[in-house]
Amino acid sequence: MIRYCFMSILSLTTFTQGLKHSVCDDDCVHTPLFSPSELVVMYGDPVSARCSPCQHCSQNTEAHLEVSIGKKRRDGNSVLWKVDRMTHWNTSAKCVQIIDGQVCCDHLHVTLYQPPDNVCISLTNHTESMLKGHGYTLHCKVKRVAPVKNLTVQFYKGKTAISEQQHYDDTKTPVTKIFTQQIIPNEVDSAGQYWCGAKLALDSIGRYTFSASQRLNETMNGCDRPRILVTAKASMFRYGGIVGWMNGWAVVIYGIILCFMHSLT
């Protein structure tokens, strides 16, 4: 009897340890499920998810959770996962079930993001005022943003976007990038017309953050913090001390209006 108990404990221990490195079968018909199926979380925020067995599995089927960080708690056949403060840039989470020896898995896609600390536009090889017909280089500096592969930077002349640029890099941790744009002003152009915006895509359903620089004539001698930050789709925007919520493209339009309002002050 003692030997039987010892062998049972040993088998259970081996099984539990095996789950830490489960090799998943790609041919599973019924797989476990994460809820939600995708997580988008800002650096430092809390996050949670549930790992459950497949909907068509028997009531005796249990799901198991393999995660790199956080706390796990069994809830019936499911496992709850919670992280009080998400600060791990390479988080992995796998929901596992084993039926008749077949290991079936669901991998949770986790996007940990950080909006830019600062977005600033500046001008190289410039004099006190821009000269008609002369070439200049605009620099848009986006400071400490992640993930950079989801970043799109646009240069604007007034209300019109004059270019759109991306940086293809799989780095997950915050980085600082500088984007450049060549311009040749005409007789009616002024430094106050130029600015840049940084759009950080968050997920597959179109959510994003948008950070805008000050106007060029306000940053000739150095950069300031971003003046506008908007987050689209059930969205939060910030302008100075004003905070509110908007949806969809309205946030971008509102951001442009605020830029013009600011240029008049």
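## Basis of the model

Helices (H or I, at least four residues) and strands (E, at least two) are DSSP runs, numbered from the N terminus. This is a predicted model, in which local features need pLDDT of at least 70 and side-chain atom pairs count only at pLDDT 80 or more, while totals for chains, interfaces and linings use all residues. Residues are numbered from 1 along each chain as its sequence is written, and side-chain values use heavy atoms, with hydrogens and water left out.

## Cis peptide bonds and positive phi

Pro147 lies in the loop between β11 and β12. Another cis peptide bond joins Ser35 and Pro36, with omega about 0°; Pro36 is in the loop between β1 and β2.

Most residues other than glycine have a negative phi, and most peptide bonds are trans. Asp100 has a positive phi, near 50°. Asp100 sits in the loop between β7 and β8 (102-107) and is exposed, at 83% relative accessible area (exposed means over 50%, buried under 20%, and partly exposed in between, with a 1.4 Å probe and protein chains only). Arg144 also has a positive phi near 50°, but Arg144 belongs to strand β11 and is partly exposed at 36%.

## Nonpolar cores

A nonpolar core is a set of buried Ala, Val, Leu, Ile, Met, Phe, Trp, Tyr and Cys residues joined through side-chain atoms within 4.5 Å. The largest one has 23 residues, of which Leu138, Val142, Leu151, Val153 and Phe155 touch the most other members. Two or more residues each come from β10 (118-124), β11 (136-145), β12 (151-157), β14 (175-183) and β15 (194-201). The largest share, five residues, is that of β11.

A separate core has 20 residues, including Ala49, Trp89, Cys95 and Ala146.

## Aromatic pairs and a charge over a ring

Rings of Phe, Tyr and Trp (its six-membered ring) pair if their centres lie within 6.5 Å; planes under 30 degrees apart count as stacked, over 60 as edge-to-face and the rest as tilted. By this rule there are two aromatic pairs. Tyr43 and Trp89 have ring centres 5.1 Å apart and planes at 10°, so they are stacked. Because Tyr43 is in the loop between β2 (38-42) and β3 and Trp89 in the loop between β6 (78-83) and β7 (93-99), this pair ties together parts 46 residues apart in sequence. Tyr43 is partly exposed at 31%, whereas Trp89 is buried at 15%.

Tyr156 and Trp195 are also stacked, with centres 4.1 Å apart and planes at 10°. This pair links strand β12, which holds Tyr156, to strand β15, which holds Trp195, across 39 residues of sequence. Both Tyr156 and Trp195 are buried.

The charged end of Lys199 sits over the ring of Tyr208, 4.6 Å from its centre (NZ of Lys or CZ of Arg must be within 6 Å of the ring centre and within 35 degrees of the ring normal).

## An open sheet and a buried threonine

Four strands form an open antiparallel sheet in the order β1-β3-β6-β5; strands pair if DSSP finds at least two bridges between them. The edge strands β1 (33-35) and β5 (71-75) each have a single partner, so one side of each has no neighbour in the sheet. Between β3 and β6 there are five bridges, and Ser48 stands opposite Lys82 in β6.

Thr61 lies in the loop between β3 (47-52) and β4 (64-67). Thr61 counts as buried, at 9% relative accessibility. Leaving out residues up to four places away in sequence, Thr61 touches Pro53, Asn77, Gln97 and Ile99 (contact means heavy atoms within 4.5 Å).
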